[in-house]
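Thanks for making the time this morning.

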Amino acid sequence: RVETEAEQCGSPAAGAPRRGRSAATSGQGGKDGLEAEEPWLHIDATFSLASGVGHAKQDSAASGTAGDGGADRAVASQCAERGAALEAEAGLEKHLAARGKRHACQHCGKDFRWAAELARHLRTHTGEKPFQCKVCGKKFTHSGDLKVHERIHTGEKPFQCKVCRKKFTQSGYLKVHERIHSGEKPFLCKECGKKFNRSGSLKAHERIHTGEKPFQCEVCEIKFALSGDLIRHERIHTGEKPFQCKVCGTKFSDQSHLARHNRTHAKKKPV
């Protein structure tokens, strides 16, 4: 059997047509059975991300044949390096990635395996938010973030705990919740050895050791280690009291104050 250049490259696409001619048909030798002047090197390939179909056309001056045309026709794309026949742009992406090709961000230099991943990353630099909620108009950088946000409006909670049947809008919330039942605490403080079931809890705890206070009040400039502490403090300036007693209607700025107040009702004896 004649070994093709595409097979040597290691990424032949199933069912993709072979443009290479064997020694038997071309009249030229060589162990790979391809023409001495490889036509793959003269291919001008364009791809459609929307359709996922690759269209390739050969340089007629180099190969002597007209290019394949038609936006609707699936034509196997060709690897310009080794002649691998690939059916679509996704196949070419995988092929080039396997051969060490990467897509690098021009802003920070971070590289990605796929062009689509780079496109998503670039939005962190440009600030582009192409995905908009049809209900409230809020915009998002990623389609996945929009999908999660839309559950606020729909009330959908597709992730359910198998132990207590509690439901969640995100799989990450469910995963953290499940640690309540399992007792798992995978996040370890390197300073004191204390363990936590959430990475955020560990990060907040580490500020005890570092003394870091990244949350600052814009009014009085007091700094806090926890964002929750800053939110509670800001209510001093705004006068906001979001926690209300269901019995007497008294409002409080802090949930702990409401809890303490509720105990006064519990102690009262019925008349």
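This is a predicted model: local features need pLDDT of at least 70, side-chain atom pairs count only at pLDDT 80 or more; totals for chains, interfaces and linings use all residues.

Let me begin with a single side chain: is E156 buried, partly exposed or exposed? E156 turns out to be partly exposed, its relative accessible area being 40%.

Its partner is R151, and the two side chains meet in a salt bridge with an N to O distance of 3.8 Å. R151, in contrast to that 40% for E156, has a relative accessible area of 11% and is buried. As for where we are in the chain, the UniProt record, an unreviewed entry, lists residues 131-158 among its spans for "domain: C2H2-type", and over those residues the chain is 43% helix and 14% strand, with the end C-alpha atoms 21 Å apart.

Now move along to residues 159-186, another of the spans that UniProt lists under that name. Here R179 forms a salt bridge with E184, and the closest N and O atoms are 3.8 Å apart. R179 is buried at a relative accessible area of 11%, while E184 is partly exposed at 41%.

In total, the structure holds six salt bridges, and the next part concerns a place where they join up. How are D229, R232 and D254 linked? They are linked in a network of salt bridges. Within it, the side chains of D229 and R232 meet at 2.4 Å, N to O. D229 and R232 are three residues apart in helix α9, residues 227-238, and so are separated by about one helical turn. D229 counts as partly exposed, at 27% relative accessibility, and R232 is also partly exposed, with a relative accessible area of 39%.

The remaining member, D254, sits in the loop between β16 (251-252) and α10 (255-267). D254 is buried, with a relative accessible area of 13%. If we set aside its neighbours within four places in sequence, D254 is in contact with R232, R235 and F243. There is also a polar contact of 2.4 Å between the side chains of D254 and S256.

Note on methods:
Residues are numbered from 1 along each chain as its sequence is written. Side-chain values use heavy atoms; hydrogens and water are left out. UniProt positions are given in the numbering used here, feature names are shortened, and annotations may be inferred rather than shown by experiment. Helices (H or I, at least four residues) and strands (E, at least two) are DSSP runs, numbered from the N terminus. A salt bridge is a side-chain nitrogen of Lys or Arg within 4 Å of a carboxyl oxygen of Asp or Glu. Buried means under 20% relative accessible area, exposed over 50%, partly exposed in between (1.4 Å probe, protein chains only). A polar contact is a pair of N or O atoms within 3.5 Å; within protein, one must be able to donate a hydrogen and the other to accept it, and residues adjacent in sequence count only if both atoms are side-chain atoms. Contact means heavy atoms within 4.5 Å.
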